[in-house]
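Hi there,

Here is the structure I promised to pass on.

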Amino acid sequence: MNSYLVYFGLFFLLQSKLGKWYYKSKRQPTVHEGYMFPLLVSKELDNWPEMNTRRRKWITVAEAKEICPYAWMKEALDELVNRQSTKVQPKKMEI
């Protein structure tokens, strides 16, 4: 049974992990682990508690890659595209 989560006024299911990346801290000489997960959004609310302090904007993967300053996040977006493009297509029935 799947449980929906709510954030930014979105109801979504957390999908399987895209991967794990390592990145250097901007403030400390430390390396962190970063995990990226795609979200399957099922409902978008017009009003939500943080709407006056947080902005929500839908963009394409290409737009996200263009504005993203971190290489590891761009790699995660590439993995998302790869996952979406390799999904098994339903077989067509011959009549």
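Leaving aside its neighbours within four places in sequence, which residues is Leu80 in contact with? They are Leu18, Pro38 and Val61, where contact means heavy atoms within 4.5 Å.

Before I go on, a word on the source: this is a predicted model, in which local features need pLDDT of at least 70 and side-chain atom pairs count only at pLDDT 80 or more, while totals for chains, interfaces and linings use all residues. Residues are numbered from 1 along each chain as its sequence is written, and side-chain values use heavy atoms, with hydrogens and water left out.

Leu80 also belongs to the largest nonpolar core, 5 residues in all, together with Leu18, Trp21, Trp72 and Ala76. Helix α2 (residues 71-85) gives the largest share of this core, 3 residues. By nonpolar core I mean a set of buried Ala, Val, Leu, Ile, Met, Phe, Trp, Tyr and Cys residues joined through side-chain atoms within 4.5 Å. Buried is under 20% relative accessible area, exposed is over 50%, and partly exposed is in between (1.4 Å probe, protein chains only). Helices (H or I, at least four residues) and strands (E, at least two) are DSSP runs, numbered from the N terminus.

Ala64, in helix α1 (residues 61-67), is buried, with a relative accessible area of 16%. Apart from neighbours within four places in sequence, Ala64 is in contact with Ile59 and Leu77.

Now to the strands. An open sheet is formed by 3 strands in the order β1-β2-β5, with antiparallel pairing; two strands pair if DSSP finds at least two bridges between them. Its edge strands, β1 (5-7) and β5 (39-44), each pair on one side only. Strand β2 (residues 10-14) is joined to β5 by 5 bridges, and Phe12 has Val41 in β5 as its bridge partner.

- Glu33 and Lys20 meet at 3.9 Å, N to O. Glu33 lies in strand β4 (residues 31-36) and Lys20 in strand β3 (residues 19-24), so this pair ties together parts 13 residues apart in sequence.
- Glu44 pairs with Arg56, with the closest N and O atoms 3.3 Å apart. Glu44 is partly exposed, at 42% relative accessibility.
- Lys65 pairs with Asp78, with the closest N and O atoms 2.5 Å apart. This pair links helix α1 to helix α2.

Key: A salt bridge is a side-chain nitrogen of Lys or Arg within 4 Å of a carboxyl oxygen of Asp or Glu.
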